Amino acid sequence: MTTVNSNSHLNHIGSCKEERAPSARKAIIILVSIFCLSVAGLLYLYKSFPDLEEHEAQFIKLPTDIEDAKNLGRVLARYQERYYFQVLLAFFLIYVFLQSFAIPGSIFLSILSGFLFPFPLAIFLVCTCSALGASCCYVLSSQLGRKVVQRFFPERAAKWAKQVKAHEDNLLNYMIFLRITPLLPNWFINITSPVIGVPAKPFILGTFLGVAPPSFVFIQAGTTLYQMTSSSDAMSLNSFIILGLLGVLSILPVYFRRKVEETHED
């Protein structure tokens with residue numbers, strides 16, 4: 001019975017948007033355009049980067065583990081002083097690209113930012129790239145995501161849709177809470193949000209603010225990049241406790257607001 005109700009709820013959301021859903025051709029054009037712009041930016045980046053030593057070129061790739069991040073960090077640190085803008089642009093474009101198309105690896109870039117850049121710049125870059133990339137993913141999903149969500153995540157999306165409905169007056173706090181805590185993966189939030197009716201404004205602002213606390217942890221860990229053996233080294237017990245407390249703090253205003261409203265009603 002729960003499964004039927006969940007599927008019905010999600011189908012209702014989809015049917016409400018059916019009339020204003022864009023054509024498949026328009027959706028494909030938007031997807032291809034964003035992808036081509038991203039690839040063009042990466043190609044420009046590749047062409048403008050200085051010639052590398054033969055033994056270094058093999059390390060210029062998306063990091064998939066901490067060793068990749070270490071090797072990439074060594075190469076970029078060597079060229080950073082003379083080619084600061086190119087290194088900064090590389091970080092920005094690649095981070096946004098990964099977030100836009102829900103490609104794994106951004107966690108290692110967050111760690112790497114702590115190694116390459118001063119902390120204020122690193123945290124601003126990570127939050128900005130996360131918000132911009134998530135926004136691109138939001139746009140793509142608003143064009144193409146409904147069928148994907150209905151096919152692969154119907155029950156999970158329907159449950160979250162009910163949560164969104166319950167917090168519709170406090171969506172900014174709710175988005176910040178979800179970004180801080182690991183209750184839902186970021187890629188799922190990015191893909192599903194436009195489908196279930198999360199407005200763009202609280203989604204973008206909530207992403208920018210909500211990714212700051214966990215990013216702080218990863219950036220701080222990046223200052224000791226060479227001592228790390230895996231990405232899990234960044235998350236100590238204290239880090240989990242702090243993130244949990246920040247998650248609770250992000251929803252406390254909602255709790256107190258409701259208590260005040262209940263008091264006035266009585």
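**Entry 1: ground rules.** I am working with a predicted model, in which local features need pLDDT of at least 70, side-chain atom pairs count only at pLDDT 80 or more, and totals for chains, interfaces and linings use all residues. Residues are numbered from 1 along each chain as its sequence is written, and side-chain values use heavy atoms, with hydrogens and water left out.

**Entry 2: salt bridges.** How many salt bridges are there? I took a salt bridge to be a side-chain nitrogen of Lys or Arg within 4 Å of a carboxyl oxygen of Asp or Glu. By that rule I get 2 salt bridges.

I started with the pair K61 and D68, whose side chains meet at 3.8 Å, N to O. For burial I used relative accessible area: buried is under 20%, exposed is over 50%, and partly exposed is in between (1.4 Å probe, protein chains only). K61 is partly exposed because its relative accessibility is 44%, whereas D68, with 13%, is buried.

The other pair I noted is E67 and K70, with 3.5 Å from N to O. Helices here are DSSP runs (H or I, at least four residues), and strands are runs of E of at least two, both numbered from the N terminus. E67 and K70 sit about one helical turn apart, because they are 3 residues apart in helix 4. E67 is partly exposed at 40%.

**Entry 3: K70 itself.** Is K70 buried or exposed? It is buried, since its relative accessible area is 7%. K70 belongs to helix 4, which covers residues 66-80. I then listed its contacts (heavy atoms within 4.5 Å). Setting aside neighbours within four places in sequence, K70 touches L225, Y226 and M228.

**Entry 4: a backbone angle.** I stopped at A102, which has a positive phi of about 50° although it is not a glycine. Where is A102? I found A102 in the loop between helix 5 (84-100) and helix 6 (106-116). With a relative accessible area of 36%, A102 is partly exposed.

**Entry 5: the record.** I checked UniProt, where an unreviewed entry lists "transmembrane region" for residues 27-46, 83-103, 115-141, 203-225 and 237-256. Such annotations may be inferred rather than shown by experiment; positions are in the numbering used here and feature names are shortened.

I looked at two of these spans in the model. Residues 83-103 are 81% helix and 0% strand, with the end C-alpha atoms 27 Å apart. For residues 115-141 I have 93% helix and 0% strand, and 33 Å between the end C-alpha atoms.

Entry 6: A131 is in helix 7 (residues 119-152), and it counts as buried because its relative accessibility is 8%. What does A131 contact beyond its neighbours within four places in sequence? I found I204, T207 and F208. I also noted a C-alpha separation of 8.6 Å between A131 and V211, which are 80 residues apart along the chain.

A158 lies in helix 8 (residues 154-166) and is buried, with a relative accessible area of 0%. Its C-alpha atom is 8.0 Å from that of I196, 38 residues along the chain.

**Entry 7: a surface patch.** Last, I noted that I242, L246 and L249 make a nonpolar surface patch of about 260 Å². Patch residues have over 30% relative accessible area and no salt bridge; like charges are joined within 9 Å and nonpolar side chains (Val, Leu, Ile, Met, Phe, Trp, Tyr) within 5 Å. Accessible areas come from the Shrake-Rupley method with a 1.4 Å probe, and for residues only the protein chains shown count as cover. L249 is part of helix 13 (residues 237-265).
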